[in-house]
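Subject: Structure handover

Hello,

My notes on what was found in it follow below.

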Amino acid sequence: MAALVQTRPDTSRPLGGGSRSRFATPTSAAIAIAVLVGAGVLSLLVGARWVPVEAVWDSTHPLHPIVEVRFERTMLGFAVGAALGLAGALMQGLTRNPLADPGILGVNAGATFAMVIGMTVFGASAMGQFLPLAFVGAAAAALLVHAIASLGRDGATPMKLAITGAALSAGLASWTTGLLLADRKTMESFRFWQVGTIGGRGFDVLLAGLPFLVVGAVLALAGARLLNTLALGEDLARGLGRRTTRDRLVIALAIVLLAGTATALAGPIAFVGLVVPHVVRTLVGPDYARVLPFSMLGGAALIVVADTIGRIVLPPSEVQVGIMAAAVGVPVFIVLVRRTGRAL
Amino acid sequence: MTQILDRRSATEPAAREAGDVVRRARRAPIRHHRRLVAGLVLAVVAAFAARVLLGDYTVTIPDFFRILGGEQIPGATYIVMESKLPRAVLAVLVGIAFGIGGAIFQTTLRNPLASPDIVGVSLGASAAAVSAVALAGWTGWSVSLAAVGGALAVALAVRSIAGDHGGFRLILAGIGLAAAMQSVIQYVFTRVDEWDVQLVLRWLTGSVNGVAWSTIGVLAAVLAVLLPATAWAARSLRVTELGDDTARGLGVGTGRTDLLMLLGTLLVAVGVAAAGPVAFVAFLAGPIARALNRGRTTLLAAGLVGAVIVLVGDYAGAYAFADLNLPVGVVTGAFGAPFLLWLLARGPLNGHRGRRAA
């Protein structure tokens, strides 16, 4: 009997993997915030033109305008990174799939395609018009990928989801290119956005997206307990009294808001949502009450660091943050494929 | 004794009849394959003729042969020799290269998803080629060499990552590397000073538009060497696709498989060097040819199907949408992806089962 009681799932303990968190939560939080602040400061100072520290607060300093531009960029990077990290963690929890990521599963491609339709067919031009389009596209792509991957006897396995997402992304990329070719002006403005960039976007873009990010983040963080019970499996979660369908819908809504907004703000950036939750889990354990907030912090830090490195890694040009994210993410993806491949 | 002799003589006609039945049954697929190849050749010729003669500028057949003979017809000569004919010739050549290369991948890896355009080999070739063209200013043969290097690097990387685990793990490793290669290509685009739409279209989506005759010459010369080599190496393909262990048991070593894969990679790489990674041609041609050939693998038919796909895709892209000149890669990508999704939706994708289904 005692043994039975002990096997009762304890959501504060690591599930599955069995690796305990390496640090206490306050220590981890302090480390994460320190990393975040460090990333932000470096992002202000480092670039094609290095800026001395005093220019940050001295508004009469000749290099202060550069700091201001970089500040906008850094804030956008924090917002987009937090959204992507959180969306990735939610997707991995919801689909119980270690390979889930808004880029890999085609959600970003769906948002991109919907936005390009809006631009070329309906003449959308303001961020307020792009956002709803991105949400519709992200939701449609997520539903389509999940529906197709769920067909068949073995259901939506990680492998099938990833391959379906890649197939949908490839197809949507072709349709997107076709639409853009019809409209060269849109193509020109689309050029850098399509790669994924946080440079030169401005504060108004961030402000337009911020409410949706906040709502998405609140929904997501409230969903931590749902994900913990879902991690036990559909049947157990229902047995524990969860209304799994409603729970899933809430989390799916959060994913669409977060991934859609991030894509609208900075373009389709893949792999951040994949890498961050995995790194976070090795540091704080698998409890989603910790994984979700730390994924937010980690995603924000990763985007800003990647963007900062992208400014200086291959001078004189700037490497877009989407490309840097792939450079970091692909090796992690391959390690994960090697690890999960054994089980399949 | 006499009885036995009697019986033997009595069964002889029956035995001969049975032998005929068996022989006929064995010949039927061969005959069907011959008819299929003949039909596909006709389809390629028809699509080629349509591509060269029809469209926004119609050329009559006598005029076409007069132009080929070197006669100068104002306007027509230029359009045929500099635009339509090179496009059509390149479409046929890359279609054959992608179709056969893709079918080799799918057959030796025994998975319809393991085509070079899905596992990143095409994009690897494209990334190396676009780097050579845009950053180092290479032309001609050296571009093909760069493409071959890129394709081989990705193929070896996918293979070493997947290890002995074929199937899904190989596909996923390939998808990851394809994403990486796409990032490399996009990085090269941001490095070029002038935003060159043609450059992007060629190296990211694939296009047979505006290609020089010298590029076609390089491709034709390489294919003249690679295709006979492939025909020689593919003799034991039917055994190879039974799997490494079975093949070895039947006396076909893995060396033969490796050689075939090398040839497939080279075919795809030289195709990419000329026209870019035309999406999904390598993926589509094999399964379509196999379905037409009643479920039997056929590299020849796959190459011809590839040629038809590229020709028709290019024609549709150029003329199907009023004032819009879409590159062939956009058309094949837009219509190939639904087919891939359908294949995924249809069910078991495990290499062996999926192979038979396709």
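The model is predicted: local features need pLDDT of at least 70, side-chain atom pairs count only at pLDDT 80 or more, and totals for chains, interfaces and linings use all residues. Residues are numbered from 1 along each chain as its sequence is written, while chains are lettered from A and ligands numbered from 1 in the order in which they are written.

Chain A

Chain A has 15 helices and zero strands; helices (H or I, at least four residues) and strands (E, at least two) are DSSP runs, numbered from the N terminus. Its C-alpha atoms fill a box of roughly 75 × 50 × 35 Å along the principal axes. The radius of gyration of chain A is 20 Å, which agrees with the value near 20 Å for a compact globule of 344 residues. That radius is taken over C-alpha atoms, and the globule rule is 2.2 Å times the number of residues to the power 0.38.

Of the 344 residues of chain A, 53% count as buried. A residue is buried if 20 or more other C-beta atoms lie within 10 Å of its own, exposed if 12 or fewer, and partly exposed in between, with C-beta atoms placed from the backbone. Among the contacts in chain A with a separation of 6 or more, 78% join residues 24 or more positions apart. A contact means that the C-beta atoms of two residues, placed from the backbone, lie within 7 Å.

Arg96(A) is in the loop between helix H4 (64–94) and helix H5 (107–120) of chain A. Its phi is positive, near 45°, although the residue is not glycine. Arg96(A) is partly exposed, because 16 other C-beta atoms lie within 10 Å.

The buried ones include Val121(B), Leu123(B), Ala129(B) and Val133(B). Gly137(B), with a positive phi near 70°, follows H4(B).

After H11(B) comes Gly276(B), whose phi is positive, near 80°.

Phe280(B) lies in the loop between H11 and helix H12 (281–292) of chain B. It has a positive phi, near 70°, and is a residue other than glycine. Phe280(B) is buried, because 31 other C-beta atoms lie within 10 Å.

Ser207(B) is in the loop between H7 and helix H8 (213–233) of chain B. It counts as buried, because it has 26 C-beta neighbours inside 10 Å. Leaving aside neighbours within four places in sequence, its contacts include Ala275(B), Gly276(B) and Pro327(B). Ser207(B) and Asp314(B) are 107 residues apart in sequence, yet 8.1 Å apart in space, C-alpha to C-alpha.

UniProt record

An unreviewed UniProt entry lists "transmembrane region" for several stretches of chain B, among them 36–58 and 259–285. UniProt positions are in the numbering used here, feature names are shortened, and annotations may be inferred rather than shown by experiment. In the model, residues 36–58 of chain B are 78% helix and 0% strand, with end C-alpha atoms 30 Å apart. For residues 259–285 of chain B the values are 81% helix, 0% strand and 21 Å.

Interface and core

In the interface, 36 residues of chain B are in contact with 38 residues of chain A. H6(B) supplies the largest share of the side of chain B that touches chain A, 15 residues. That side divides into 26 nonpolar, eight polar and two charged residues. Ala, Val, Leu, Ile, Met, Phe, Trp, Tyr, Cys and Pro count as nonpolar, Asp, Glu, Lys and Arg as charged, and the others, Gly among them, as polar.The largest nonpolar core has 234 residues, and those touching the most other members are Leu86(A), Leu258(A), Val94(B), Ala129(B), Ala147(B) and Ala285(B). Such a core is a set of buried Ala, Val, Leu, Ile, Met, Phe, Trp, Tyr and Cys residues joined through C-beta atoms within 7 Å. Helix H3 (residues 76–108) of chain B gives the most to this core, with 15 residues. Not counting residues up to four places away in sequence, Leu258(A) touches Ala83(A), Leu86(A), Ala87(A), Leu213(A), Gly216(A) and Ala220(A).

Regards
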